[in-house]
Amino acid sequence: MLLTDRLDLRGGTNCWREEKKPDASDDLPSAADVVVIGAGVMGAMVAERLARRGREVVVLDRRAPATGATAASTALVMWGADTPLTHLTHMVGQDEAFARWRSVFQAVSALDRLIQKRGIACGWIARPELYLAGNVLNRDDLAAEGSLRRAAGLPSDYLEGGAVSERFQIAERPALLSGGSYEVDPVALTRGLLKSARAAGATVTFPANVERLEQSGSGVGVICDKGDRIEASHVVLASGYEAARLILPEHFSLSSSFAIASKVGTAPAWGENALIWEASDPYLYTRATSDGRVIVGGEDEDFVDADKRDGMIARKAASLETKAAAMLARTDIEFDCAWAATFGSSPDGLPAIGHARNMDKVYLAYGFGGNGVTFASLGAQIIEGILEGTPSAAAAGFDPYRVMQSNKARGA
Ligand SMILES: Cc1cc2nc3c(=O)[nH]c(=O)nc-3n(C[C@H](O)[C@H](O)[C@H](O)COP(=O)(O)OP(=O)(O)OC[C@H]3O[C@@H](n4cnc5c(N)ncnc54)[C@H](O)[C@@H]3O)c2cc1C
């Protein structure tokens, strides 16, 4: 299996303070129980969990930890996925849709417990989440979405526009108000997880550019571009968006996304610092940070060319600012950093987690969709279950090849 694809994952200037702090790299070992390729939030979450369960874990990255897509993340940690539950129900049936969303909800709760237990300082704060009516779900659709979520046991309530405006001091618009969501600094979280993994015996080596994987007896040979080779019993591919075109089915697609942030101390700028996003395609979203920045993101474009993407940052920043002013009903927020990044989407808004096709002992952990931080928590749970021989019943719902399988079953 080749891993040679490379992307310029992001451009511009993000707002995460931790990103510039230097990391130390460990020596490259020659053998390991589990090699995790990728030291972003997904790789860190998987490595931490497996190391804490007593496995010998080696993390490799061609970049410094937490400097890939994770450093571009705006990191609203939510369980409500890009594809509404009502739409997913049409796609896969109600029981399966409920099972998948409940697993995602539980993954956020598990992440909350993990961060508290390990004492990871990463700006982790519970926030109400507002999902505003838009061109994907109008007022009535949104009310139906709320009913279905409650039927699944998920905490969402429908609010009329007036109630939204009164409570959150933003422009009047119907919305679903949900609990169980958080904001986080994704770079600090990833570094904290890697620190915890290291404390449990894991090593983290970078730059270590993995070129290919080879079946090797009952395990896997991990071959780096400088000729180094590690014999692994298991390999977890958490290599982010760069792997998409080589490894994942074509339904997992790449695009470009944009974000801006205000100066420290701007928030609160609306009620309760709620996480706010829209039932629209593409959607606009906003949140505050623990140090009082306001972040706004969206304006997605359907291409991945990095020069073209970064050349649009100034124009997209201006557009985000205008749209945020309309959504929040205020024009006094000054933004002082702007960035752009590659972004990965999936056909049902859910990630690709499970066995790799045609390679025994290789597992995929890709958090495609707007809930990549939540999906990292889910990915760690699912991968652990597979390695321990106790996969959860819901794991099949996130299998990387699930869409091809359901198309085949329908004869498509
Ligand atoms: C603009 C933007 C906004 C977002 N907003 C949110 C949000 O609000 N909420 C949310 O939950 N998610 C959000 N996401 C998604 C989330 O950020 C991503 O899903 C997540 O950060 C991806 O983490 P990762 O570890 O999979 O990838 P990465 O952080 O990119 O890590 C993968 C690592 O693998 C390494 N790698 C790749 N190939 C190799 C190789 N061959 N050898 C060695 N190393 C390799 C890379 O160097 C990289 O460091 C957003 C993403 C973007 C871009």
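Predicted model: local features only at pLDDT ≥ 70, side-chain atom pairs only at ≥ 80, totals over all residues.

Me: What's the phi of Lys 361 like?

Reply: Positive, about 70 degrees, although Lys 361 is not a glycine. For background, most residues other than glycine have a negative phi.

Me: Buried, exposed or partly exposed, that Lys 361?

Reply: Lys 361 counts as partly exposed, because it has 18 C-beta neighbours inside 10 Å and the buried label needs 20 or more.

Me: And what about Ala 66, where does that sit?

Reply: Ala 66 is in the loop between S3 and S4. Its phi is near 60 degrees, a positive value in a residue other than glycine. Ala 66 is buried, with 29 other C-beta atoms within 10 Å.

Me: Which residue in the S9 and S10 hairpin has a positive phi?

Reply: Gly 217, with phi near 60 degrees; the hairpin has 2 residues between the strands. Strand S9 (residues 210–216) and strand S10 (residues 219–224) run antiparallel and are joined by 6 bridges. One of the pairings is Ser 216 with Gly 219 in S10.

Me: OK, cis peptides next. Which residues does the one with omega of about 5 degrees join?

Reply: Ala 267 and Pro 268. Pro 268 lies in the loop between S12 and strand S13 (275–278). There's also a cis bond between Asp 281 and Pro 282, where omega is about -5 degrees. Pro 282 belongs to the loop between S13 and strand S14 (285–288).

Me: Now the ligand. How many residues surround it?

Reply: 39 residues, and the closest are Gly 40, Gly 68, Ser 73, Gly 240 and Gly 372. By class, the shell has 18 nonpolar, 17 polar and 4 charged residues.

Me: Which helices and strands supply at least two residues of that shell?

Reply: Helix H1 (41–52), helix H10 (372–387), strand S4 (76–77), strand S12 (253–262) and strand S16 (335–345) each do.

Me: Let's stay on H1. How far does H1 reach from its first C-alpha to its last?

Reply: H1 reaches 16 Å with its 12 residues, close to the 16 Å expected at 1.5 Å a residue.

Me: And why call H1 largely enclosed?

Reply: Because 12 of the 12 residues of H1 are buried, the rest of the structure largely encloses it.

Me: Switching to S16. How many of its residues are buried?

Reply: 8 of its 11, so S16 is mostly covered. It pairs with S12 through 10 bridges, running antiparallel, and there Phe 258 stands opposite Ala 340 in S16. Strand S1 (residues 10–12) is also antiparallel to S16, with 3 bridges; Gly 12 has Trp 339 as its bridge partner in S16.

Me: How many residues are in the largest nonpolar core?

Reply: 135, and those with the most contacts inside it are Val 35, Val 46, Ala 47, Val 57, Leu 237 and Ala 365. Helix H3 (residues 94–118) provides the largest share of this core, 10 residues.

Me: Take Val 35, then. What does Val 35 touch?

Reply: Leaving out residues up to four places away in sequence, Val 35 touches Val 58, Leu 60, Val 222, Ile 230, Ala 232 and Val 235.

Me: Last one, back to H3. Is Asp 112 buried or partly exposed?

Reply: Partly exposed, with 16 other C-beta atoms within 10 Å of Asp 112. Asp 112 is in helix H3. Its C-alpha is separated by 9.0 Å from that of Ala 126, 14 residues apart along the chain.

Methods: Residues numbered from 1 in each chain as written. Near = placed C-beta within 6 Å. Helix = DSSP H or I, 4+ residues; strand = E, 2+ residues; numbered from the N terminus. Nonpolar A, V, L, I, M, F, W, Y, C, P; charged D, E, K, R; others polar. Pairing = 2+ DSSP bridges. Expected span 1.5 Å × (residues − 1). Core = buried A, V, L, I, M, F, W, Y, C linked by C-beta atoms within 7 Å. Contact = placed C-beta atoms within 7 Å.
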